[in-house]
Amino acid sequence: MSLDPVGRSTMTRFKGLVTQEFIDRRQERVDEDTRSDVNPYFQWDSEFVEWHQCQVDPQQTMYEGYEYDTTHSEFGNLDYKMYSKTGVHVSQYIQKQIRKGLIDHLVIWKWTNGYKQLYEGNEVEYDILGTVPANFILDKLNEENRFDYDKYYR
């Protein structure tokens, strides 16, 4: 991935193979997820992107906590956020981590062909649209905690 600390990176498409290791990791999180307002498979399958990036980018390592997703040796702590036409959702919890200085950049991505539940052996395509300095978005969130990526970066 070609990260740009000021958010100018261009879209890059990636393909990855879903492994049993990822499925086991995802299932542990699904089993622990007590929320009733989200599809836990959708929620935790979305972690594939940062997991895969750590497989293909030697400068990234997975962070095992919840404050952010990965650490990049050059660009710091990254949190991966799924693109949406209605805006990239940034939870109150993640906003708090940004304010604490724990997240340096958000990586904006989307499934190339839409989401389908992941199974071992699936080939998955996703697009990394770009990076956004984390502090940049804080005063640009709407009342639903969404950041209009298209307005600033497309």
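These exercises, each with a worked solution, cover the fold, the surface and selected residues of a predicted model.

Residues are numbered from 1 along each chain as its sequence is written, and side-chain values use heavy atoms, with hydrogens and water left out. In this predicted model, local features need pLDDT of at least 70 and side-chain atom pairs count only at pLDDT 80 or more, while totals for chains, interfaces and linings use all residues.

**Exercise 1. Fold and dimensions**

State how many helices and strands the protein chain has, and in which pattern they follow. Then compare its radius of gyration with that of a compact globule.

Solution. Start with the elements. Helices (H or I, at least four residues) and strands (E, at least two) are DSSP runs, numbered from the N terminus. The protein chain has 6 helices and 8 strands. Along the sequence the pattern is β-α-α-α-β-β-β-β-α-β-β-α-β-α.

Next, the dimensions. The radius of gyration is taken over C-alpha atoms, and the globule rule is 2.2 Å times the number of residues to the power 0.38. For 154 residues a compact globule would have a value near 15 Å; the protein chain has 15 Å, so the two agree. The C-alpha trace spans about 40 × 35 × 25 Å along its principal axes.

Last, the contacts (heavy atoms within 4.5 Å). Among contacts with a separation of 6 or more, 63% come from residues 24 or more positions apart.

**Exercise 2. Burial and surface**

Find what share of the residues is buried, and describe the surface of the protein chain.

Solution. Of the 154 residues, 44% count as buried.

Accessible areas come from the Shrake-Rupley method with a 1.4 Å probe; for residues, only the protein chains shown count as cover. The protein chain exposes about 8,400 Å². Carbon and sulfur atoms supply 46% of that area.

Helix α3 (residues 48–56) is mostly covered, with 7 of its 9 residues buried. Among them are Phe48, Trp51 and Cys54.

**Exercise 3. Strand β4 and its partners**

Determine how strand β4 pairs with β3 and with β6. Why is β4 largely enclosed?

Solution. Two strands pair if DSSP finds at least two bridges between them. Take β3 (residues 70–72): 3 bridges join it to β4, and the two run antiparallel. A hairpin links β3 to β4 through 3 residues. Threonine 71 has asparagine 77 in β4 as its bridge partner.

Now take β6 (residues 105–111). It pairs with β4 in the parallel sense over 5 bridges. Here tyrosine 80 is bridged to valine 107 of β6.

In β4 (residues 76–82), 6 of the 7 residues are buried, so the strand is largely enclosed by the rest of the structure.

How values were computed
Buried < 20%, exposed > 50% of the residue type's maximum accessible area, 1.4 Å probe, protein only.
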